[in-house]
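Student: I would like to learn how to read salt bridges in a structural model. Could you take me through them step by step?

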Amino acid sequence: MSSFFNISEKITDASNRALKLCKEQFKYIEEITEYNQQKVLSAFIEFGVSDVHFNSSTGYGYGDVGRETLDKVWARVLGAEDALVRHNFTCGTHTLATALYGVLRPGHKMLCVTGTPYDTIHGVIGITGQGMGSLKDFGVIYDEVLLKDERLDYEAIESAVDDSVTMVYIQRSRGYELRPSLSVDEIEKVVELAKAKNPDVIVMVDNCYGEFVEKKEPTEVGADLIAGSMIKNAGGGIATTGGYIAGRADLIEKCAYRLTTPGLGKEVGATLGMNRELYMGLYYAPHTVGEALKSAVYIAALFESFGYDVTPKYNEVRHDIVQSLGLENEESLVAFCQGIQKGSPVDSFVLPEPWDMPGYDSKVVMAAGAFTLGSSIELSADAPIREPYYAWIQGGLNFHSAKVCAQLAAQSMLDKGLLK
Ligand SMILES: *Cc1c(COP(=O)(O)O)cnc(C)c1O
């Protein structure tokens, strides 16, 4: 029961039952959080992180020891040879694009083995748009292997990887699809299979939403290059912008040549006072991801108890932080998102409405009351207004806050007579 929020008994009763169901998953999540927290802490200690690393540089940013050490700490955490961690990456798409442009050359072939990738990557590859400088415009060939029954099609991957393939590209998270996300074990299987067919192939993983969900990262099982966003898992809810690329040292060098210029690479880049939050973000990331995972598990248990379709289920092992809820109609999607917004620490007074968002073919309703604009490690929900009327929810900086927020979402539906 809450002394601060009006939540009806139907919902608090369901919440208490849901919490009981979550116990086992919570224990499992806590074990992973503890393991990853130790992994991160030991890297901080190994590289002697100190307040000099939080100093700011301006201009060219030569010899910024904070920036250089941050790359080393990140590389250690991810089990990679090197890393490129920069606030200059404007978003996840920019980070992924830098890695792709960094290593692919005219005539090279990129093979995505997880079906068509995340929407914002289409313009980078050249699946959509022409003449904007996509990889395709520069003569990079693209092909994909479709998923089979929503899972990796190992046989088709094996036959598609030959000497003509330069890069095998994997998207770990489901993004905004209903397919399951990939486990690191599944990624390892693709690495083995691909390298057996072509030992020179570069395996790259879009690691967005996947960091610290498992004990291992793709770079620990043979992926050559991974990338992600600092306003998702990797920034721990503390970093306010940026991205990271990690992997083989020779490939990271090429990515740095792309981010800055050939020759300059990692040597330049003023940090402008951003180092401290990037360090602190990494330090918090395992814990914050744990809170986000608990929030997702709880939301799954609660809404399944009301009779809605949820994926993943509360008791399924997770490989990313994304949760989807089948809310069955437009009115419920809108009421749900409005309730999530009401329980947000920032902009709680805003009433989200469906709108025609650029780049989408249907209206979308979104709830986001975050300290960092667009941050999706903070509790947020998006729902395209179309069949099958699913809402995608992710994040939660702390479970207790996310819990009441989920109850307010259910309350918002109940108040409109929509809750099953
Ligand atoms: C979020 C995301 C991206 C793109 O990141 P932005 O920060 O939105 O540009 C790419 N791939 C996946 C799987 C994502 O979840």
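Student: How accessible is Lys 363, and which side chain does Lys 363 meet in a salt bridge?

Tutor: Side chains of opposite charge can pair when their charged atoms come close. A salt bridge here is a side-chain nitrogen of Lys or Arg within 4 Å of a carboxyl oxygen of Asp or Glu. Lys 363 counts as partly exposed at 38% relative accessibility, and its side chain meets that of Asp 356 at 3.5 Å, N to O, where Asp 356 is exposed with a relative accessible area of 56%. Buried means under 20% relative accessible area, exposed over 50%, and partly exposed in between (1.4 Å probe, protein chains only).

Student: What should I know about the model and its numbering?

Tutor: This is a predicted model, in which local features need pLDDT of at least 70 and side-chain atom pairs count only at pLDDT 80 or more, while totals for chains, interfaces and linings use all residues. Residues are numbered from 1 along each chain as its sequence is written, and side-chain values use heavy atoms, with hydrogens and water left out.

Student: How many salt bridges does a search of the whole structure find?

Tutor: The search finds 17. One of them joins the side chains of Glu 30 and Lys 294 at 2.8 Å, N to O; Glu 30 is partly exposed at 40% relative accessibility, whereas Lys 294 is buried at 13%.

Student: Is Asp 224 buried or exposed?

Tutor: Asp 224 is buried, at 5% relative accessibility, and its side chain forms a salt bridge with that of Lys 195 (2.7 Å, N to O), Lys 195 being partly exposed at 23%.
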